[in-house]
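Please take a look at the sequence and the structure below. A short report follows.

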Amino acid sequence: MRPTAALRLQATRILRSNAHPDPKAGKYLGSWGDFGSPTQKGIITYAMSANQQNPLAGTMHAAVFNVARRTAHQILYWLPPLVAAYVAMQWATERNEYLNSKPGREEFADAEE
């Protein structure tokens, strides 16, 4: 059985366009993102060449203020232990220097034996 002229014409139109018929229903679904539904209206898209874009615009400004904000929120978690460790190390250094000096050895000479 040979296809009719109208059917051949419809098949030719589908093949010449980039449209592919739906194998189950036998009709064109539409291009990607437009599967047979009416086209959307009121959507405006803009495009810019990659050569005209500045991907690092405002990076330094945002980085400075982001670091300041994050530090302000976290400072009470790390500053007190840092100060306590510094004070403890300073005391230990001074105590070690005293114990290894002449007056320190004289004061604690009998404690070492």
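## Nonpolar surface patch

This is a predicted model. A nonpolar patch sits on its surface, formed by Tyr77, Trp78, Leu79, Leu82, Val83, Tyr86 and Val87.

## Fold and surface

The protein contains four helices and zero strands. Along the sequence the pattern reads α-α-α-α.

The accessible surface of the protein is about 11,100 Å². Carbon and sulfur atoms account for 61% of that surface.

## Confidence

Mean pLDDT for the protein is 79. A score of at least 70 is reached by 63% of the residues.

Among the elements, helix H2 has the highest mean pLDDT, at 95. Helix H1 (residues 5–16) has the lowest, at 63. Where pLDDT is low, predicted coordinates should not be read in detail.

## Glutamine 53

Glutamine 53 lies in the loop that runs between H1 and H2. How exposed is glutamine 53? Its relative accessible area is 46%. Buried would require under 20%, and exposed over 50%. Glutamine 53 is therefore partly exposed.

One of its polar atoms lies 3.5 Å from the backbone oxygen of methionine 48.

## Arginine 105

Arginine 105 is part of helix H3, residues 102–107. Is arginine 105 buried or exposed? Its relative accessibility is 51%. The cut-off for exposed is over 50%, so arginine 105 counts as exposed.

Which residues does arginine 105 touch, leaving out those up to four places away in sequence? The contacts are Leu99 and Asn100.

Terms used
Residues numbered from 1 in each chain as written. Predicted model: local features only at pLDDT ≥ 70, side-chain atom pairs only at ≥ 80, totals over all residues. Heavy atoms only, no water. Patch = residues over 30% accessible without salt bridge, like charges linked within 9 Å, V, L, I, M, F, W, Y side chains within 5 Å. Areas by Shrake-Rupley, 256 points an atom, 1.4 Å probe, with all protein chains shown as cover. Salt bridge = Lys/Arg side-chain N within 4 Å of Asp/Glu carboxyl O. pLDDT = per-residue confidence, 0-100. Helix = DSSP H or I, 4+ residues; strand = E, 2+ residues; numbered from the N terminus. Buried < 20%, exposed > 50% of the residue type's maximum accessible area, 1.4 Å probe, protein only. Polar contact = N/O pair within 3.5 Å; in protein donor to acceptor, adjacent residues only side chain to side chain. Contact = heavy atoms within 4.5 Å.
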